[in-house]
Structure formats: C-alpha cells, structure tokens
Amino acid sequence: MYQYFIFSVIFLFFEHVIHVLGTWNFYKKFGIKSWKILLPIYNIFILLKIYKRSIWWIFLLLIPLTSIMLIFTLWMDLIHIFFKKNKRIFILFFLSAGLYIFYINFFKKIPIFKIEDLKKKEKNIGIFLAMVFSFITHTYIVQPFVIPTSSMERNLLVGDFILVSKIHYGLRMPISPIYIPFTHNNIIGNIKSYISIFQWPYFRFSPIQSIKRNDIVVFNFPKDSNHKIIDRKNHYIKRCVGLPGDLVSIKKGILFVNHKKEKPFLEKQQAYFIKTKNIPLNTEYLEKNMDIKDIEYFGEKNNEYFYQIMLNEKKAVSIKNLFENIIFIEKSILPIHFKERYIFPNHSNWNRDFFGPLHIPKKGEFIKLNSKNIHIYNEIFNYEKTKKFDISLKKYYKVKKNYYFMMGDNRHNSYDSRYWGFVPEDHIVGKPIFIWMSINWDRKNPINIFSWKFRWDRIMKTIEGKHSYLSLFFLFSFVYLIYFLFKAEKKSSVQ
C-alpha cells in the first residue's frame with residue numbers, strides 16, 4: 001500500500017511541475033504571486049475559485065487519469081478566457097492534446113486580464129462530470145463486459161452483456177493508470193491505448209468475499225504475450241474449479257477435486273458424437289428451436305452421417321428422443337493414452353479428458369522441487385519473478401502467491417487452465433454479478449443488427465439466474481418518463 005501511495009505522490013508532483021511550466025505566465029496575468037503558483041494543489045484551488053468551480057473537484061487529483069482530465073479542463077478554460085475569439089488556437093490546442101499551451105506560455109504574448117472582469121462561468125460541465133463518474137465507476141466499482149465466445153455455455157451465452165464487480169474479491173488498483181478512458185489494451189490493431197512507462201506496484205484492497213470453488217471469475221489472461229502489464233492483458237471468464245492447495249484431476253471427462261467427484265450442474269456442456277442413419281440430422285431445427293449453435297458435421301459414409309455437437313445432458317436426452325434416425329449418441333471422450341498437443345504442462349501425457357493429478361500452489365507453502373515437477377511449476381517462477389539460478393540451488397521453494405485453476409463450462413470447447421496453467425491471484429479482476437442485456441446474434445456475422453434477437457428471459461438477471469429485475473427496470477423507466485414529462489410541462493408553463 002505504501003509503495004502505491006508513494007508512486008501516486010511522485011506522479012502528482014510530476015504532474016504539478018508540468019502544470020506550472022505550462023501555465024506560469026497565465027497565472028501572472030491574473031496577478032497571482034509566485035509562491036502561490038508553486039504550491040501543489042493550492043494552485044489548482046486558485047483556478048477553481050477563479051472559474052467558480054466547486055472545490056470538490058480537487059478530489060479528482062487523487063486518481064492519476066482523472067487528475068489529467070481535470071488539468072486538461074482547466075487549461076481549456078484558460079485558453080477560453082484569454083483567447084476566446086481565436087479559433088485557430090483552440091484547434092491547435094486540441095490537436096496537440098493540450099501541449100500547445102506550453103508554446104503559448106513561453107513564446108506567445110498573453111493579453112492582460114483582470115479577474116474582476118471575468119463573467120460568471122456557464123455550467124456546461126454535465127458531460128465532463130458524467131464522463132468522470134462513469135470512468136470512476138468503470139475502473140473502481142463495476143465494469144461491463146460482453147461474452148464473445150461459447151466457452152461458458154450454457155451458463156453464459158454468446159451475446160450476454162454482464163456487469164462485473166471489482167470489489168467482491170478485493171479492488172485491484174490500476175497498475176497502468178495512464179490510458180485512454182473506456183478502453184482496455186488496444187485502440188485499433190496493435191496500437192496500444194495505454195502508456196507502459198508509468199507502472200504502479202500491485203496493490204489490492206481486502207476482499208468482501210474470497211473466491212469460492214465453482215465461482216465464475218473474470219481475470220487477466222496470464223499467457224497474453226502481447227501485453228506485459230497485468231491489468232492490460234486480455235480478459236477471460238471461466239469457472240474456478242480449483243483453489244490454492246487443491247488437487248485436481250480429470251478422468252473420462254469428469255473433474256475430481258481432492259479426490260472428490262465434482263457436483264453435477266445442469267448447464268455443463270461437453271462434446272457428443274452423433275451418428276444418424278439414412279437421413280442427415282436436422283441441424284436447422286436444432287439451431288432455431290433448441291438454441292444449439294456448436295454443430296460440426298464430419299461427413300457421410302455408407303448412408304450414415306456423423307456429427308459432433310456441444311450439449312448438456314438434458315439436451316442430449318431430448319435430441320435422442322426427438323429424432324428416430326439417431327443410432328448413436330455418446331460423449332466424445334479422448335482415450336487415456338492419447339497425448340493432446342499444447343496441454344499443460346509441457347512434456348506431460350495428459351489430454352482434456354484425462355488430466356492430472358495436479359497440485360495447485362498455495363501462498364506460503366513449500367514445494368519440493370525435482371525433475372518430475374520442475375516443468376509444472378516453472379511458470380510460477382516467472383510470475384513471481386524468481387531467478388532460475390536461485391531455484392537450482394534449492395530443494396524447496398516457498399510460494400509467494402495464491403493460484404487458481406479455471407475451466408469453462410463448455411468443457412470440450414474451452415481454452416482454459418488445462419492448456420495454459422494456473423491463474424495468479426494478482427490477475428483476478430472481479431466477480432460477474434448481473435446480466436443487463438442479452439442478444440442472440442448470428443455468430444458468423446455478429447455486426448448484422450437485423451439478425452439480432454433479444455433474449456428477454458435473460459435480461460436484467462443475476463448470473464445464477466435466480467432473480468430477475470426486468471419488471472423493476474420497466475417500472476423505473478416508466479416513473480422516470482412521467483417525471484421527465486412533468487418537469488418539461490412545468491418548465492414550458494412557467495415560460
């Protein structure tokens with residue numbers, strides 16, 4: 001915590017120096033004394049007082065990005081006061097992202113202006129305050145996400161728009177605090193939306209609740225090689241099936257945790273191999289009437305048709321009873337001796353359906369290192385920035401972080417911990433709590449808005465699907481509309 005605070009103070013001081021260098025002569029034209037200009041925070045207070053802004057704006061300096069937004073706004077006000085009629089200066093100011101103010105301060109003649117002549121500032125600050133409030137909410141409380149893939153079906157569907165709480169598992173303070181608001185890592189292509197030079201140390205507040213087994217969790221993908229900073233790595237969402245200290249294994253596609261078989265849940269999907277006789281499977285009916293999307297056709301041989309479909313057990317039974325031409329439907333399980341490529345860890349003989357046993361490292365425990373397990377925990381040494389030379393001298397290694405094992409509910413169509421390993425605790429983002437919108441779109445062409453269909457049974461529902469707040473949403477919208485119409489009618493009658 002202290003390190004994070006020190007970094008913030010250093011950044012605020014650096015920001016103060018830039019502000020003073022860019023606005024010194026502006027202050028002088030107001031008749032402000034030099035010692036007042038040099039005082040950190042107080043010089044911002046002076047401008048707020050001149051502009052008749054609320055002193056509460058000072059609190060925006062506590063967050064690096066909002067402090068930049070505040071200073072940019074104050075600079076824009078300075079340009080507006082001294083060069084109100086010069087549109088060219090406004091254009092250059094915006095094109096240079098505010099840096100043109102340094103040219104004005106050092107090389108351009110600034111007209112004299114008396115504070116007494118300043119008219120009351122119009123309060124056109126609604127958009128700015130809305131952006132700041134949205135940014136703070138987005139960064140520190142709850143963040144919206146959209147589900148782009150089917151790895152969590154059928155609990156979370158492609159086209160679900162969810163809200164993720166950042167405080168349930170402990171608010172992680174931004175590690176790369178300087179970035180374009182409401183973006184994650186890239187703007188367009190490989191153009192990064194953040195400045196990697198400024199990196200704060202990892203710090204997380206105490207959690208409201210700890211991660212429990214089978215919680216759905218949003219985290220930064222540990223193996224994202226395009227982005228080295230933790231909070232700029234791509235977002236993944238999976239189910240946490242293994243906690244620190246657990247032993248996980250998979251036998252015939254069934255998960256075991258600490259030698260106990262996982263509790264069955266209805267929406268878990270797996271690949272089913274289906275064979276029909278004489279007539280192909282009616283895939284159009286499956287897609288439109290049963291909302292089954294992941295259908296792979298293998299081909300036809302001797303008037304028999306072969307398919308692989310991602311299903312839960314309930315839908316597998318329904319399909320078997322529905323189509324009389326199905327002669328075979330079974331779970332598609334890889335054989336135990338089949339070595340699947342890219343499975344974690346390297347040099348293992350495991351696959352997606354026969355995996356482990358694998359111990360999940362826990363903070364503070366000692367792991368005995370040997371030739372059999374060194375390749376398993378090699379990634380941990382990278383996450384904890386431990387030199388391999390130091391490892392070679394030790395027989396035991398003390399783990400510095402907690403780690404988690406994540407799997408998708410769509411077990412045979414999920415790129416998860418079985419393929420890339422553990423999730424360190426500092427990569428945890430938050431807990432999904434709410435589905436605020438759900439759209440069933442064409443997966444081959446999601447931009448085609450004419451094919452969109454709202455899933456009304458999923459909108460305004462909790463992630464577990466136990467509670468729906470759609471009716472309350474319509475009630476609130478109706479009350480707000482009545483209030484808005486009443487206010488507009490009252491305003492027009494007064495005029």
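Predicted model: local features only at pLDDT ≥ 70, side-chain atom pairs only at ≥ 80, totals over all residues.
**Stop 1: Ser151**

Select Ser151. You are in the loop between strand S1 (142-146) and strand S2 (160-165). Is Ser151 buried or exposed? Ser151 counts as buried because its relative accessibility is 8%, under the 20% cut-off. Now show its surroundings. Beyond its neighbours within four places in sequence, Ser151 is in contact with Ile237, Lys238, Gly408, Asp409, Asn410, Asn413 and Ser414. Draw a distance from the side chain of Ser151 to the side chain of Lys238: this is a polar contact of 3.0 Å.

**Stop 2: Lys238**

Move across that contact to Lys238. The residue sits in strand S4 (residues 235-242). Its relative accessibility is 3%, so Lys238 counts as buried. Leave out residues up to four places away in sequence and list what Lys238 touches. Ser151 and Met152 are among them, as are Asp215, Ile216, Val217 and Phe219. The list also includes Met406, Met407, Gly408, Ser414, Tyr415 and Asp416.

**Stop 3: Asp409**

Asp409 is one of the contacts of Ser151. Select Asp409 next. Its place is the loop between strand S15 (403-407) and helix H12 (417-420). Asp409 counts as buried because its relative accessibility is 0%. Which side chain does the side chain of Asp409 meet in a polar contact? The partner is Asn155, at 2.7 Å. Setting aside neighbours within four places in sequence, the contacts of Asp409 include Ser151, Met152, Glu153 and Asn155. Arg239, Phe265, Lys268 and Gln269 are also in contact with Asp409.

**Stop 4: the annotated domain**

Zoom out. Colour residues 127-298 and 386-437, which the unreviewed UniProt entry annotates as "domain: Peptidase S26". Take the segment 127-298 by itself. The chain there is 12% helix and 27% strand. The end C-alpha atoms of this segment are 55 Å apart.

**Stop 5: Tyr194**

Go to Tyr194, in the loop between S2 and strand S3 (216-220). Tyr194 has 8% relative accessibility and therefore counts as buried. Show the side chain of His227: the side chain of Tyr194 makes a polar contact with it at 3.0 Å. Ile180 and Tyr194 are 14 residues apart along the chain, and their C-alpha atoms are separated by 6.4 Å. Not counting residues up to four places away in sequence, Tyr194 touches Ile178, Tyr179, His184, Asn185, His227, Ile229 and Arg232.

**Stop 6: Thr276**

Select Thr276 in strand S8 (residues 270-277). At 0% relative accessibility, this residue counts as buried. What does the side chain of Thr276 reach at 2.9 Å? It reaches the backbone oxygen of Ile279.

**Stop 7: the annotated transmembrane regions**

Colour residues 6-27, 55-83, 89-106, 127-147 and 468-486: UniProt lists them as "transmembrane region" in the unreviewed entry. Inspect two of these spans. Residues 55-83 are 66% helix and 0% strand, and their end C-alpha atoms are 25 Å apart. Residues 127-147 are 67% helix and 24% strand. Their end C-alpha atoms lie 29 Å apart.

**Stop 8: helix H6**

Select helix H6 (residues 100-107). Which residues of H6 are buried? They are Tyr100, Ile101, Phe102, Ile104 and Asn105. Show the neighbouring elements. The buried residues of H6 pack against H1, helix H4 (64-82) and helix H5 (87-95).

**Stop 9**

Finish on H1. Pick out Ile10, which is placed in helix H1 (residues 2-30). Ile10 has a relative accessible area of 54%, so Ile10 is exposed.

Note on methods
Residues numbered from 1 in each chain as written. Heavy atoms only, no water. Helix = DSSP H or I, 4+ residues; strand = E, 2+ residues; numbered from the N terminus. Buried < 20%, exposed > 50% of the residue type's maximum accessible area, 1.4 Å probe, protein only. Contact = heavy atoms within 4.5 Å. Polar contact = N/O pair within 3.5 Å; in protein donor to acceptor, adjacent residues only side chain to side chain. UniProt positions renumbered as here; feature names shortened; annotations may be inferred.
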